[in-house]
Amino acid sequence: MEPVQARKTRLALTSLFLATAAVGLSLSGCGGPGDERDLAPAARSAAQHGGNGTVSARLGGFDGILAFLENSVVPAELADPEIAPFFTRLTETPGDIENCLAMLLDHDLGGDSRHFGAVLADGHQCRSSMSNIHRGLNIPDRIVTKFIVIAGQQAALAGVAAADIQEIADVLDRYRGGVRNK
Ligand code: HEM
């Protein structure tokens, strides 16, 4: 049975995301600058034309998700004055973090990347324990929420459908317990 607090958090996130997605959809409807420009071509095409299959496939698979992280999510997260300080003392490179997170998201959104444990070209092995990855960072719960909301805002700006944004948020939210207060 899901604890009431967890359910409340999830419901609050759901409404936040629907609001965010609504803004994103109306922006892409206007065709204004910034719409969908940062997504890889496959993801842009999927976002524009809809399509079947998994959320990962609609985002352009691992490559589309990695491009989305590099071009949209990471710059937006680092532009936030409350989030940026957590990324100042890294034990791995930004590229490794982006690649490992892109694989995790691709996997959880229905793609064929390895969930954890992949060895990258530079020898870094993606870790599986969210608690160990985020140990010592002391990330408060509300910062995790902010991180997820910013990712959702960027997806909305890129024209990703509301239901797919919700699924991305759900995937990230599933790791909350391992990320916060470590
Ligand atoms: C919400 C869900 C989150 C997930 C699923 C997630 C996942 C990941 C992954 C996969 C890595 C790469 C580590 C590896 O595989 O070797 C990573 C690294 C990192 N994450 Fe997160 N993360 C989340 C939230 C956050 C938040 C909210 C922050 C801070 C505001 C954060 C800060 C970091 C930092 C600083 C690193 C690099 C750690 C180091 O260099 O040792 N993460 N995260």
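1. Where does His134 lie? His134 sits in the loop between α6 and α7 (141-157), where helices (H or I, at least four residues) and strands (E, at least two) are DSSP runs numbered from the N terminus. Through NE2, at 2.1 Å, His134 is the only protein donor of the iron atom of the ligand; donors are N, O and S atoms within 2.8 Å of the metal (3.2 Å for Na, K and Ca), and because water is not among the atoms, sites may look incomplete.

2. Please read everything here as coming from a predicted model, in which local features need pLDDT of at least 70, side-chain atom pairs count only at pLDDT 80 or more, and totals for chains, interfaces and linings use all residues. Residues are numbered from 1 along each chain as its sequence is written, and side-chain values use heavy atoms, with hydrogens and water left out.

3. The count comes to 1 disulfide (a pair of cysteine sulfur atoms within 2.5 Å), which joins Cys100 to Cys126 with an S to S distance of 2.1 Å. This pair links distant parts of the chain, with Cys100 in helix α5 (residues 94-108) and Cys126 in the loop between α5 and α6 (130-133), 26 residues apart. The torsion about the S-S bond of Cys100 and Cys126 is about -85°, so the disulfide is left-handed. Cys100 is buried at 14% relative accessible area, and Cys126 is likewise buried, at 7%, where buried means under 20%, exposed over 50% and partly exposed in between (1.4 Å probe, protein chains only).

4. Salt bridges (a side-chain nitrogen of Lys or Arg within 4 Å of a carboxyl oxygen of Asp or Glu) number 8 in the model. One of them is the contact between Lys146 and Asp80, at 2.9 Å from N to O; Lys146 lies in helix α7 and Asp80 in the loop between α4 (61-78) and α5, so the pair ties together parts that are 66 residues apart in sequence. Lys146 is partly exposed at 26%, whereas Asp80 is buried at 10%.

5. Lys146 also meets Glu82 in a salt bridge, at 2.7 Å from N to O, and Glu82 is partly exposed at 30%.

6. A further salt bridge, at 3.0 Å from N to O, pairs Asp141 with Arg176. Asp141 lies in helix α7 and Arg176 in helix α9 (residues 176-179), so this pair ties together parts that are 35 residues apart in sequence. Asp141 is partly exposed at 28%, whereas Arg176 is buried at 5%. Elsewhere, salt bridges that share partners join Asp80, Glu82, Arg142 and Lys146 into one network.
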